[in-house]
Amino acid sequence: MAGRHLAKTVVTVSLSVTLASVAVRPSSHPNIQASGSPFSSGGFLLNFVMSGSNFTEVNPHKKSRTSPYPGSNVERSEVPNEKVSWLVEWREYSPVEYTARSVLARPIWADPQVGERSFSPKFNEKDGLVERRSQNGLYEVENGRPRNPAGRTGLAGRGLLGRWGPNHAADPILTRWKRDAKGNTVIHPVSGKNVLQFVAIKRKDCGEWAIPGGMVDPGEKISTTLKREFGEEAMNSLQKSRAERQELEKDLHRLFSQEHFVVYQGYVDDPRNTDNAWMETEAVNYHDETGEIMDHLPLKAGDDAKEVKWVDVNDKLKLYASHFRFIQLVAEKRGAHWSEEL
């Protein structure tokens, strides 16, 4: 089995990606840009180098090594910082093998197990409607299994993730300026900058606050995913009548037709990641400058969200996965208040 599926690609590329612990360097150009290269964040350059399948030895992923694994009692094998990189030889490394039953049940969104005769995935390629290319370049495939480009996680298999290799998501970041009762923008007394707000949901699975978002369906455009996920999680579109959904669709179209920019594209330090499956996302900021559009769209939690509300942006936020970093990027790009430490 291993011989039939063995494929190994070794590459050294310079990427623009971020993990929860990567330092951010703002651009010297404060203007908002509607688009950017796949590895730039609208003017922010976030660099670190991946050699083979190692993103960084200085800032290894952290949430991808936490235990127990989400939704289970499974404990990962411990991976110290200095041994996260695949470039570091570790013959004794023996990760725990785990794939959730919900994934093994073969729902439509999940791959079969590697080695099944009917399963011949084309890794690092567009495989029919399934996107198996990483936004961070080529990844290694060893013994038929993709290898996490950010390094060891202490867990083999797929965990809760459906796809071997990259699992693509989209995160819409909806923002507006905080306003007082008279409609004036609120300025922070210490930084002297306007206070920005974003729509946050409280996840049902872990209880953490997060950006509303979800998985990209096979063949689906990112723009469609962004709008669909926001509607489902922040506006409860799945529980509305057909007529209500039609009206909501018009409002969402207006909202998602506004000026926007890509905040981030690439690997996400997510607690669901394993050695063989990992999350990647495209986070996009849609900003309602006057607040007029969002004022007419009542927020209501739905689908995977337990709660939904407008949250003030600052450096005290505690958010799911790498979402804290995404919000920081938006605040810096918009010139909004972030920290009281001047």
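This is a predicted model: local features need pLDDT of at least 70, side-chain atom pairs count only at pLDDT 80 or more; totals for chains, interfaces and linings use all residues.

Student: What makes glutamate 140 and arginine 147 a salt bridge?

Tutor: Their side chains meet at 2.5 Å, N to O. The cut-off is within 4 Å, so the pair qualifies. Glutamate 140 is buried too, at 4%.

Student: Why is glutamate 131 called partly exposed?

Tutor: Its relative accessibility is 25%. Buried is under 20% and exposed is over 50%. Glutamate 131 falls in between, so it is partly exposed. Arginine 133 is partly exposed as well, at 41%. The side chains of these two residues meet in a salt bridge, 2.7 Å from N to O.

Student: How do you know that glutamate 249 and lysine 227 form a salt bridge?

Tutor: Their closest N and O atoms are 3.1 Å apart. The limit is 4 Å, so the pair counts. This pair links distant parts of the chain: glutamate 249 lies in helix 4 and lysine 227 in helix 3, 22 residues apart.

Student: Why is serine 72 called buried?

Tutor: Its relative accessible area is 17%. The cut-off is under 20%, so serine 72 is buried. Serine 72 sits in the loop between strand 2 and strand 3. Its side chain reaches the backbone oxygen of tyrosine 69 at 2.9 Å.

Key: Residues are numbered from 1 along each chain as its sequence is written. Side-chain values use heavy atoms; hydrogens and water are left out. Helices (H or I, at least four residues) and strands (E, at least two) are DSSP runs, numbered from the N terminus. Buried means under 20% relative accessible area, exposed over 50%, partly exposed in between (1.4 Å probe, protein chains only). A polar contact is a pair of N or O atoms within 3.5 Å; within protein, one must be able to donate a hydrogen and the other to accept it, and residues adjacent in sequence count only if both atoms are side-chain atoms.
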